[in-house]
Structures are given as C-alpha cells and as structure tokens.
Amino acid sequence: NNEMLLVYFSNISQATVKNIFTKAAESKWFDPSEGREAKADAFKPGELRQITPPSGWEDAILILNAKE
C-alpha cells in the first residue's frame, strides 16, 4: 500500500497544499530540471499548509508519501 501525492509548481510561488491522506505523510522536493532533491517537513493527517519551493529552483515537485 504505497500512497503518493505529487504537486507540481511551475514557478517559485506559494501555494496551499493539503495532505489528503488519513495518516501522516513524509515529504520532499524534487527539481525536475536538475534531478536534485531537498528535504521538506512532514505533514500531519489532513494538514493544510502554505508552502513555497526551495529558492533558486526554476520549477519543483512536492512529493508526499503516506507513512505506513
């Protein structure tokens, strides 16, 4: 049971992201143009948060993985 949520940011702007899972989710950033990753804070179940991609990235993907 591997639940994953991807949120694409086409530019470096703030957005509201909600953990739609009923359990906590680990999260990280992925830079599709450079292939690098950066840590992001974990989300509590159902948490709603304002979030901005890492500074200096052209675009970014926020990856949430529900914890088992």
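## Exercises around a nonpolar core

Phe 9, Val 17, Trp 29, Phe 43, Ile 51, Leu 62 and Leu 64 touch the most other members among the 15 residues of the largest nonpolar core. Such a core is a set of buried Ala, Val, Leu, Ile, Met, Phe, Trp, Tyr and Cys residues joined through side-chain atoms within 4.5 Å. Strand 1 (4-9), strand 3 (25-31), strand 4 (36-43) and strand 6 (60-66) each give two or more residues to this core.

This is a predicted model, so local features need pLDDT of at least 70 and side-chain atom pairs count only at pLDDT 80 or more, while totals for chains, interfaces and linings use all residues. Residues are numbered from 1 along each chain as its sequence is written, and side-chain values use heavy atoms, with hydrogens and water left out.

### Exercise 1: Strand 6

*Solution.* Strands here are DSSP runs (E, at least two residues), and helices are H or I runs of at least four, numbered from the N terminus. Next, check the cover: five of the seven residues of strand 6 are buried, where buried means under 20% relative accessible area, exposed over 50% and partly exposed in between (1.4 Å probe, protein chains only).

Now look to either side. Strand 1 and strand 6 run antiparallel and are joined by six bridges; two strands pair if DSSP finds at least two bridges between them. Here Val 7 has Leu 62 as its bridge partner in strand 6. Strand 3 also pairs with strand 6 in the antiparallel sense, over six bridges, and Phe 30 has Ile 61 as its partner.

Finally, zoom in on Leu 62. Leaving out residues up to four places away in sequence, its contacts (heavy atoms within 4.5 Å) include Val 7, Phe 9, Val 17, Trp 29, Phe 43 and Ile 51.

### Exercise 2: The aromatic pair

Locate the one aromatic pair in the whole structure and describe its geometry.

*Solution.* The pair is Phe 9 with Trp 29, edge-to-face, at 5.2 Å centre to centre and 65° between the planes. Rings of Phe, Tyr and Trp (its six-membered ring) pair if their centres lie within 6.5 Å; planes under 30 degrees apart count as stacked, over 60 as edge-to-face and the rest as tilted. Since Phe 9 lies in strand 1 and Trp 29 in strand 3, the pair ties together parts that are 20 residues apart in sequence. Then test burial: Phe 9 counts as buried at 5% relative accessibility, and Trp 29 counts as buried at 4%.

### Exercise 3: Strand 3 to strand 4

Trace the hairpin of strand 3 and strand 4.

*Solution.* Begin with the pairing: the two strands run antiparallel, joined by six bridges, and Ala 25 has Phe 43 as its bridge partner. Four residues sit between the strands, and Gly 35 takes a positive phi near 75°. Ser 33 lies in this loop and is partly exposed, with a relative accessible area of 45%. Back at Phe 43, Arg 49 lies over the ring face, 3.8 Å from the ring centre; this requires NZ of Lys or CZ of Arg within 6 Å of the centre and within 35 degrees of the ring normal.
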